[in-house]
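Open the model in your viewer and keep the sequence panel beside it. The stops below say what to select and what is there.

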Amino acid sequence: MPLLGLVFAASLAGFCALSLAMDRHSEDVFGRGSTPSAWRRWLQLGGTALLCLSLWASLEAAGGSVGWVLWLGALTAAALATVGLLSGLPHRFHWIASAAGGVAFLSLLFCL
(Lines give C-alpha, C1' and ligand atoms only; values in the text may rest on other atoms or scores of the structure.)
Protein backbone atom coordinates (compact mmCIF):
# COMPACT_ATOMS: atom_id res chain seq x y z
CA MET A 1 0.00 0.00 0.00
CA PRO A 2 2.82 2.52 0.59
CA LEU A 3 3.87 1.96 -3.01
CA LEU A 4 0.56 3.36 -4.23
CA GLY A 5 1.10 6.51 -2.19
CA LEU A 6 4.59 6.72 -3.60
CA VAL A 7 3.26 6.46 -7.16
CA PHE A 8 0.96 9.48 -6.82
CA ALA A 9 3.22 11.58 -4.57
CA ALA A 10 6.24 11.11 -6.82
CA SER A 11 4.15 11.87 -9.91
CA LEU A 12 2.77 15.04 -8.35
CA ALA A 13 6.17 16.20 -7.11
CA GLY A 14 7.71 15.41 -10.50
CA PHE A 15 5.14 17.42 -12.41
CA CYS A 16 5.46 20.29 -9.93
CA ALA A 17 9.23 20.34 -10.37
CA LEU A 18 8.93 20.25 -14.16
CA SER A 19 6.40 23.07 -14.13
CA LEU A 20 8.56 25.21 -11.85
CA ALA A 21 11.40 24.80 -14.36
CA MET A 22 9.33 26.81 -16.85
CA ASP A 23 9.56 30.61 -16.81
CA ARG A 24 5.81 31.21 -16.99
CA HIS A 25 4.91 28.99 -14.07
CA SER A 26 7.85 30.16 -11.99
CA GLU A 27 6.64 33.74 -12.38
CA ASP A 28 3.10 32.71 -11.45
CA VAL A 29 4.33 31.08 -8.25
CA PHE A 30 7.14 33.41 -7.14
CA GLY A 31 6.19 36.69 -8.82
CA ARG A 32 7.35 38.66 -11.85
CA GLY A 33 11.00 38.60 -12.69
CA SER A 34 11.76 35.36 -10.91
CA THR A 35 12.99 32.86 -13.44
CA PRO A 36 14.53 29.51 -12.47
CA SER A 37 17.67 30.06 -14.55
CA ALA A 38 20.07 28.75 -11.93
CA TRP A 39 17.76 25.93 -10.82
CA ARG A 40 16.23 25.02 -14.18
CA ARG A 41 18.46 22.00 -14.91
CA TRP A 42 18.12 20.64 -11.35
CA LEU A 43 14.33 21.00 -11.45
CA GLN A 44 14.20 19.20 -14.79
CA LEU A 45 16.45 16.37 -13.59
CA GLY A 46 14.59 16.07 -10.29
CA GLY A 47 11.20 16.03 -12.00
CA THR A 48 12.34 13.37 -14.44
CA ALA A 49 13.82 11.28 -11.62
CA LEU A 50 10.58 11.52 -9.63
CA LEU A 51 8.51 10.42 -12.62
CA CYS A 52 10.87 7.46 -13.14
CA LEU A 53 10.56 6.64 -9.43
CA SER A 54 6.78 6.66 -9.73
CA LEU A 55 7.03 4.28 -12.72
CA TRP A 56 9.23 1.91 -10.73
CA ALA A 57 6.85 2.00 -7.75
CA SER A 58 3.87 1.39 -10.01
CA LEU A 59 5.49 -1.62 -11.66
CA GLU A 60 6.51 -2.98 -8.24
CA ALA A 61 3.02 -2.49 -6.81
CA ALA A 62 0.92 -3.94 -9.60
CA GLY A 63 3.20 -5.93 -11.89
CA GLY A 64 4.06 -5.50 -15.54
CA SER A 65 0.69 -5.22 -17.26
CA VAL A 66 -1.46 -3.47 -14.67
CA GLY A 67 1.46 -1.36 -13.41
CA TRP A 68 1.64 0.60 -16.67
CA VAL A 69 -2.08 1.37 -16.50
CA LEU A 70 -1.76 2.38 -12.84
CA TRP A 71 1.16 4.65 -13.71
CA LEU A 72 -0.71 6.34 -16.56
CA GLY A 73 -3.69 6.89 -14.28
CA ALA A 74 -1.46 8.38 -11.58
CA LEU A 75 0.20 10.62 -14.17
CA THR A 76 -3.21 11.84 -15.32
CA ALA A 77 -4.37 12.56 -11.77
CA ALA A 78 -1.09 14.27 -10.86
CA ALA A 79 -1.17 16.40 -14.02
CA LEU A 80 -4.73 17.51 -13.28
CA ALA A 81 -3.77 18.28 -9.69
CA THR A 82 -0.76 20.30 -10.87
CA VAL A 83 -2.91 22.34 -13.26
CA GLY A 84 -5.48 22.91 -10.53
CA LEU A 85 -2.85 24.02 -8.05
CA LEU A 86 -1.18 26.35 -10.53
CA SER A 87 -4.44 28.03 -11.41
CA GLY A 88 -6.09 27.98 -7.99
CA LEU A 89 -3.31 28.30 -5.41
CA PRO A 90 -0.19 29.61 -7.16
CA HIS A 91 1.29 31.20 -4.03
CA ARG A 92 1.05 27.94 -2.07
CA PHE A 93 2.16 25.79 -4.99
CA HIS A 94 5.77 25.39 -3.88
CA TRP A 95 4.70 24.36 -0.36
CA ILE A 96 2.38 21.69 -1.71
CA ALA A 97 5.06 20.52 -4.14
CA SER A 98 7.55 20.27 -1.28
CA ALA A 99 5.04 18.31 0.79
CA ALA A 100 4.45 15.90 -2.11
CA GLY A 101 8.20 15.42 -2.44
CA GLY A 102 8.46 14.75 1.29
CA VAL A 103 5.65 12.20 1.16
CA ALA A 104 7.35 10.51 -1.79
CA PHE A 105 10.66 10.39 0.09
CA LEU A 106 9.09 9.00 3.26
CA SER A 107 7.11 6.42 1.26
CA LEU A 108 10.31 5.34 -0.48
CA LEU A 109 12.08 4.94 2.85
CA PHE A 110 9.16 2.96 4.20
CA CYS A 111 9.17 0.64 1.16
CA LEU A 112 12.89 -0.05 1.35
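**Stop 1: the largest pocket**

Three helices each supply at least two residues of the lining of the largest pocket: α1 (2–20), α3 (40–88) and α4 (93–111). Helices here are DSSP runs of H or I with at least four residues, numbered from the N terminus. This is a predicted model, in which local features need pLDDT of at least 70, side-chain atom pairs count only at pLDDT 80 or more, and totals for chains, interfaces and linings use all residues. Residues are numbered from 1 along each chain as its sequence is written, and side-chain values use heavy atoms, with hydrogens and water left out.

Select A13, C16, A17, L20, F30, L43, L50, H94, A97, S98, G101 and G102, which line the largest pocket. A pocket is an open set of points on a 1 Å grid over the protein atoms alone, where a 1.4 Å probe fits, with protein on both sides within 12 Å along at least five of seven lines; lining residues have an atom within 4 Å of a point. The space in this pocket is about 200 Å³, a volume filled by probe spheres set on the grid points, which are joined across faces, edges and corners.

Colour the lining by type: eight residues are nonpolar, four polar and none charged. Here Ala, Val, Leu, Ile, Met, Phe, Trp, Tyr, Cys and Pro count as nonpolar, Asp, Glu, Lys and Arg as charged, and the others, Gly among them, as polar. Which helix gives the most to the lining? It is α4, with five residues.

**Stop 2: helix α4**

Now select F93, A97, A100, A104 and S107, the buried residues of α4. Seen down the axis of α4, these buried residues fall within an arc of 85 degrees, so they line one face of the helix. The arc is that of the directions from the helix axis to the C-beta atoms. Buried means under 20% relative accessible area, exposed over 50% and partly exposed in between, with a 1.4 Å probe and protein chains only.

Show α1, α2 (23–30) and α3, which are among what covers the buried residues of α4. Then turn to the other side of α4, where W95, F105, L106 and F110 are exposed.

**Stop 3**

Select A81 in helix α3. A81 counts as partly exposed because its relative accessibility is 25%. A81 and C16 lie 65 residues apart in sequence, but 9.4 Å apart in space, C-alpha to C-alpha.

Finish at L70, also in α3. Beyond its neighbours within four places in sequence, L70 is in contact (heavy atoms within 4.5 Å) with L4, S58 and A62.
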